[in-house]
Amino acid sequence: MRTLARWGSTLLMLCASTLAHATSPEQTASALLDHLQADRTTTAEAMFTPEMAKAVPAAQLRTLWQSLGELRERGTPRTTTHEGMTLVVVPLTFAKGALDAQIVVDAQQRVAGLMFKPAAAPAAPAPPADAPYRESSFEVPTPTGALPGTLAMPTGRGPFPAVVLVHGSGPQDRDETVGPNRPFLDVARGLAAQGIAVLRYDKRTKVRPQEFAGRDFTMDDETTDDAVAAIIALAGAPGIDPAHLYVMGHSQGGMLAPRIAQQSDKVAGLILWSAPARSLLTLLPEQNRYLLGLRGQISAEEQAFLDTLDAQIAAARGTADVPAKDLPLGLPAAYWRAFEEVDPVADARALKQPILLLQGGRDIQVIDTDWQLWKRGLSRQRSVTFRDYPSLNHLGMAGQGPGTLEEYASPGHVLPQLIDDVARWIKERS
C-alpha cells in the first residue's frame, strides 16, 4: 500500500495497520466504517496495525473521513485474498459522489491499509452503430507477455495516421479510468471519428503487478519500454501509416514522451498533455500541501505527515541504501533516482519532431509553474505548438472554480475542442 494521494489517479490513499475484535475481514471492515461514521476515530485507530497507526493518527483519519462528506449508503462488500492479506472493497455513496473503500485486513484481523477511490465505472458503452470507426482487440507484445489493448480504427481506405496513448502514473487501464471518467476512451474515439487510428492498452502495473513486487525498477520498466513496443506493434498493423505515428502522453506519460521518442525511430511527433516539467519529487509535496490546505489550516498531524514525506523525499534523493517502505509511495530508490535524472524539457528540446503541448488552467496536479517552464524552454522551437484551456482540470474536463480531487468522482468527458485541436494538428502534419 502507498501513502496519501498517488498523484496520478488515486483519489485518496492511506497506508499502514492494530487489533480489531472481529472474526472475519468483512466484519473488521464493517466495524471500521461504523467507527468512522460515528466519529469514533480513536476507536478506529485502535484497529490499525502499528505501522498504520503511526502513519495515520486518529486526527488525520478524522480529517480524511470528514473531507468525504455525508455518507448516504453502504453497498455489499467484495473480498479477495492474497498471501494472508484480505482486501475488502465496500461501495460507499456520499453526497459528493460514489467511492470504494478499499480496506486491507491481515490474518490477525487488523487493518493494514485504507484507500478511498472513485467507484469503478460501469462497462464502457460500445461505439454507436453508425460510428465512422471500429474497435478491435490489439495486444502489445513484450518479452514477459502481451499487454491487452484496443485499437480504434477509422473506416474507409487507409493507411491512417495513428496515435499511441501513454498513461499517467499508477496502475492505469487502457481507458485511464478515474471513477466514472475515461479520458483515454474519449480521446481514442474522438480522434478515430476524425480519421486517426488510436491504440490504448493496459499499463504493465495494472495487468502484471507481480513483476514489480520486491524488486528495483525504473520508469523504463513501468512505462517507456512498453510504449516503444506499442509503437513497433502499431507500425506493423494493417491500415496504419508507419510514417505518421504519434505519441500522446498524459501527465507522467507526457513527461516521458520525449524519452520514448528518443528510444524509437518511428515517432513522427509528440502530444504532451498536462505533462510535468519538474521532478516528481518536487511535485509530490506541493500537491499534498495543496490538498491538505483545501479545508483550511493544516493541522499538527497533517504537518507531521508532510514532514515525514519531506524526509522520505530527502532519502530518495540521497545515495544511501533505503528500503522502499521508507520512501515516497513505497516505491524503490532506483525508481526515484532514475526519474531524478530525467529533464523532460531538455529531452523535448533535443528532438527534431514537432510537439503539441496541452494544459488545463484548473489542473491541480500539473500546475501553471510547469506550463511556464515548458513555454520558456521550448518557445523558440518553431516546431512546437502550445494550447491552453482555462476551464480544464487534469483529466481535460471542464469545470469552474479552484480544482479539487472530488471532481474526479463526477462523470464528465474530455473537452471536444481539445480532441479537435489534436486531430487538426496531426492532419496538418500527415
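Colleague: Where is lysine 203 found?
Modeller: In this predicted model, lysine 203 sits in the loop that links β10 (197-201) and α6 (204-207).

Colleague: Is lysine 203 buried or exposed?
Modeller: Lysine 203 has a relative accessible area of 2%. Buried means under 20%, so lysine 203 counts as buried.

Colleague: Which residues does lysine 203 touch, leaving out those up to four places away in sequence?
Modeller: Lysine 203 touches His167, Gly168, Ser169, Gly170, Gln172, Glu222, Thr223 and Gln252.

Colleague: What separates the C-alpha atoms of lysine 203 and glutamine 172?
Modeller: A distance of 5.5 Å separates them, although the two residues are 31 residues apart along the chain.

Colleague: Turning to the sheet, in what order do the eight strands come?
Modeller: The order is β7-β8-β10-β9-β11-β12-β13-β14, in an open sheet with mixed pairing.

Colleague: Which strands stand at the edges?
Modeller: Those are β7 (133-140) and β14 (384-389). Each has a single partner strand, so one of its sides has no neighbour in the sheet.

Colleague: And how are neighbouring strands of this sheet turned against each other?
Modeller: On average they are turned by 20°, with direction ignored.

Colleague: In what sense do β12 and β13 pair, parallel or antiparallel?
Modeller: Strand β12 (residues 267-273) and strand β13 (residues 355-360) pair in the parallel sense, over four bridges. Tryptophan 273 stands opposite leucine 358 in β13.

Colleague: Which strands does helix α5 lie across?
Modeller: Helix α5 (residues 183-192) lies across β7, β8 (147-154), β9 (160-166), β10, β11 (240-250) and β12. Helix α5 runs at about 160° to β10.

Colleague: What about helix α13?
Modeller: Helix α13 (residues 368-378) lies across β12, β13 and β14, and runs at about 160° to β14.

Colleague: A change of topic: how do the axes of α9 and α10 cross?
Modeller: The axes of helix α9 (residues 280-293) and helix α10 (residues 300-317) cross at roughly 175° and come within 10 Å. Angles over 145 degrees count as roughly antiparallel, so α9 and α10 are roughly antiparallel to each other.

Colleague: Which residues meet there?
Modeller: From α9, they include Leu281, Leu284, Pro285 and Leu292; among those from α10 are Phe305, Leu306, Leu309 and Ile313. The residues of this contact divide into nine nonpolar, three polar and four charged.

Colleague: Finally, what is the mean pLDDT of the chain?
Modeller: The mean is 90, and 94% of the residues reach 70 or more. Over residues 1-21, however, the pLDDT is below 50. That stretch has 108 contacts in the model beyond near neighbours in sequence.

Technical notes: Residues are numbered from 1 along each chain as its sequence is written. This is a predicted model: local features need pLDDT of at least 70, side-chain atom pairs count only at pLDDT 80 or more; totals for chains, interfaces and linings use all residues. Side-chain values use heavy atoms; hydrogens and water are left out. Axes are lines fitted to C-alpha atoms, for helices over the stretch in contact, and angles run from 0 to 180 degrees between N-to-C directions. Helices (H or I, at least four residues) and strands (E, at least two) are DSSP runs, numbered from the N terminus. Angles under 35 degrees count as roughly parallel, over 145 as roughly antiparallel, 65 to 115 as roughly perpendicular and the rest as oblique. Contact means heavy atoms within 4.5 Å. Ala, Val, Leu, Ile, Met, Phe, Trp, Tyr, Cys and Pro count as nonpolar, Asp, Glu, Lys and Arg as charged, and the others, Gly among them, as polar. Buried means under 20% relative accessible area, exposed over 50%, partly exposed in between (1.4 Å probe, protein chains only). Two strands pair if DSSP finds at least two bridges between them. pLDDT is the predictor's confidence in each residue, from 0 to 100.
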